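Subject: Structure for you to look through

Hello,

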Amino acid sequence: MALKKVSNKFFHEEYLINSFPVDDSQAGIFVQGYFSSCFKPGFRASTENAEFAVYALILDGSYTVIKENGQTENFAAGDFNIVFPPEANGEKYRLAVTGKKSLLRKVISVRRNAFHDWLISKMFYGSGRKICLRKPERIEAIMDEMRNAMSDNTAYNLPKQGGIFFQLLQELQLQYHEKRLPDGIRQAVNYIGQNYSRSALSRSEIAESAAVSVRTLSRLFKEHFGTGVTEYVIAFRLEQTYALLRYSNLRINEIASRCGFRNAGFMTRQFREKYQITPREYRKLTKSQ
């Protein structure tokens with residue numbers, strides 16, 4: 001699928017839109033579109049965002065977002081803006097390009113559903129989030145990967161897009177935290193996020209992806225996360241399990257397989273140890289609410 005283009009004297013935009021039907025009752029991430037935009041100085045627009053969450057990387061220029069309640073927030077090159085309104089009817093925003101330079105942005109829009117909203121509320125707090133990126137080139141590379149994946153306009157490619165979006169969230173969360181993480185541990189965390197669904201994922205494989213020894217990797221995880229590599233992987237898998245139990249109708253053994261546990265029994269033991277409740281009990285509890 002080729003990029004479509006739209007332009008006038010105030011802006012130029014190239015974009016891709018997924019055309020596949022979406023079942024909002026199913027848990028998952030559904031990427032709606034990719035946009036590469038150039039807005040001229042003085043450009044103003046009003047937006048209402050209820051159906052989609054917006055993930056915007058500012059490449060150049062600056063702009064101000066004005067909310068309905070009068071609150072403002074400024075964004076400039078190297079910032080990342082997540083627009084995630086908490087209300088079902090959305091919030092209206094006004095966007096004003098400031099300064100003398102054109103505003104250049106790359107944007108990914110994602111369809112909002114219960115799973116998406118739960119995930120983002122856990123990772124990033126509030127209805128809007130500004131992240132001052134230390135390495136914006138990492139984010140841009142992932143967004144370009146999404147553009148390439150969306151260019152392959154086939155239904156089987158939708159899970160790949162969801163995987164790229166998770167990779168984007170992980171990199172954003174790493175840069176969101178003030179603590180500076182070594183490249184080795186950053187690479188390891190990204191690798192875990194991409195491969196946690198494989199039950200055979202090993203410490204040596206993760207260490208190799210980070211170009212460090214298993215011993216060094218273990219020390220880094222203890223130093224920065226206060227836990228071992230294996231414990232981190234299990235905790236990551238349990239977070240995915242928790243979400244799928246609540247927001248999907250998958251069977252317990254299917255969830256165990258998708259989340260990288262070797263069997264449902266092992267997943268149940270780990271889940272009960274962390275949450276003091278079994279997966280079946282937790283699902284029954286959430287369905288009754």
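This is a predicted model: local features need pLDDT of at least 70, side-chain atom pairs count only at pLDDT 80 or more; totals for chains, interfaces and linings use all residues.

I would start with the inside of the protein, where the largest nonpolar core has 47 residues. Among the residues with the most contacts inside this core are Tyr 55, Phe 80, Ile 108 and Phe 165, and its largest share, seven residues, is contributed by helix H7 (residues 229-247). A second, separate core has 15 residues, including Val 189, Ile 206 and Tyr 232. As background, nonpolar side chains in soluble globular proteins tend to be buried together. If you select Phe 165 and leave aside residues up to four places away in sequence, you will find that Phe 165 touches Ile 29, Tyr 55, Val 110, His 116 and Met 146.

Turning to the rings, the count comes to 13 aromatic pairs. One of them is formed by Phe 11 and Phe 39, a tilted pair with 6.0 Å from centre to centre and 40° between the planes. This pair links distant parts of the chain, since Phe 11 belongs to strand E2 (residues 11-17) and Phe 39 to strand E3 (residues 31-39), 28 residues apart, and both Phe 11 and Phe 39 are buried.

Another tilted pair joins Phe 271 and Tyr 275, at 4.6 Å centre to centre and with 50° between the planes; these two both lie in helix H9 (residues 264-275), four residues apart, which is about one turn of the helix. Phe 271 counts as buried because its relative accessible area is 0%, whereas Tyr 275 counts as partly exposed because its relative accessibility is 22%, and the cut-off for buried is under 20%. Ring pairs also link Phe 271 and Tyr 275 with Tyr 242 and Tyr 282 into a cluster.

Finally, strand E5 (residues 52-60) runs antiparallel to strand E10 (residues 103-111), joined by eight bridges, and in E10 the bridge partner of Ile 58 is Arg 105. E5 also pairs in the antiparallel sense with strand E8 (residues 79-83), over four bridges, where Val 54 has Val 83 of E8 as its bridge partner.

Best wishes

How values were computed: Residues are numbered from 1 along each chain as its sequence is written. Side-chain values use heavy atoms; hydrogens and water are left out. A nonpolar core is a set of buried Ala, Val, Leu, Ile, Met, Phe, Trp, Tyr and Cys residues joined through side-chain atoms within 4.5 Å. Buried means under 20% relative accessible area, exposed over 50%, partly exposed in between (1.4 Å probe, protein chains only). Contact means heavy atoms within 4.5 Å. Rings of Phe, Tyr and Trp (its six-membered ring) pair if their centres lie within 6.5 Å; planes under 30 degrees apart count as stacked, over 60 as edge-to-face and the rest as tilted. Two strands pair if DSSP finds at least two bridges between them.
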